[in-house]
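The account below goes through both in turn.

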Amino acid sequence: INVYSQAKQKPKVERDQPIQIVSDRLDAYNEKRMVVFSGNAVATQGERTIRADALTLYYKEGKKPAVPSATPSNAESEGPGELERVEAKGHVTISEGDRIVTGEEGIYEQDTQKITMTGNAILREGANIIRGDKVVVFLNENRGMVEGTGNKRVSATIYPEEQKDKKKR
């Protein structure tokens, strides 16, 4: 089931847009090419927002991780392509427009523009709700996949377009 409405255009988030992050604490591990934001961490990139108890940013091999700074010159000098992935843990919410994915652990992969959410994973798009063991969203392709397990099947509540139109009248 494709829960994405083809009629409306999703907000476009360019992957070279800066990512702004706020949290209670920041720990940088240069030798591991990772930066950990903990305590009510919120990362924003254009229209996309990732909220979690902790966010860990991993950088590609050979690239020096930049500790985020308020100075634009620092952000420009590091270049946009070095982020590899963001791992979110604890009360994770990833939202973009009216699409919201929640769960206990999420991974956002920068190059493939893919979100994988596990742990009571829920995909919401407008009034539509799909629950499963794992939710995968392919942002570039505007499609998603929800998987269940043997003891936990996929559950969906989907409102057909014509029903949405009737409710508005």
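This is a predicted model: local features need pLDDT of at least 70, side-chain atom pairs count only at pLDDT 80 or more; totals for chains, interfaces and linings use all residues.

Residues are numbered from 1 along each chain as its sequence is written, and side-chain values use heavy atoms, with hydrogens and water left out.

Strands are DSSP runs of E with at least two residues, numbered from the N terminus, and two strands pair if DSSP finds at least two bridges between them. Strand β3 (residues 34-45) runs antiparallel to strand β1 (residues 20-22), with 3 bridges joining the two. Within this pairing, V22 has V42 of β3 as its bridge partner. Strand β2 (residues 25-29) is also antiparallel to β3, joined to it by 5 bridges, and here D27 stands opposite V36. The hairpin of β2 and β3 has 4 residues between the strands, and R33 takes a positive phi near 55 degrees there.

On to the pairing of β3 with β4. These two strands are antiparallel over 10 bridges. The hairpin formed by β3 and β4 has 2 residues between the strands, and G46 in the turn has a positive phi of about 60 degrees.

The charged side chains come next. A salt bridge is a side-chain nitrogen of Lys or Arg within 4 Å of a carboxyl oxygen of Asp or Glu. By this rule the model has 10 salt bridges. One of them joins R48 and E96, at 2.9 Å from N to O. R48 lies in strand β4 (residues 48-59) and E96 in strand β5 (residues 83-96), so this contact ties together parts that are 48 residues apart in sequence. Are these two residues buried or exposed? Both R48 and E96 are buried, where buried means under 20% relative accessible area, exposed over 50%, and partly exposed in between (1.4 Å probe, protein chains only).

E84 and R85 form another salt bridge, at 3.2 Å from N to O. E84 is partly exposed at 33% relative accessible area, and R85 is partly exposed at 23%. A network of salt bridges links E84, R85 and E87.

In the salt bridge between R143 and E141, the closest N and O atoms are 2.6 Å apart. R143 has a relative accessible area of 35% and is partly exposed; E141 is partly exposed at 49%.
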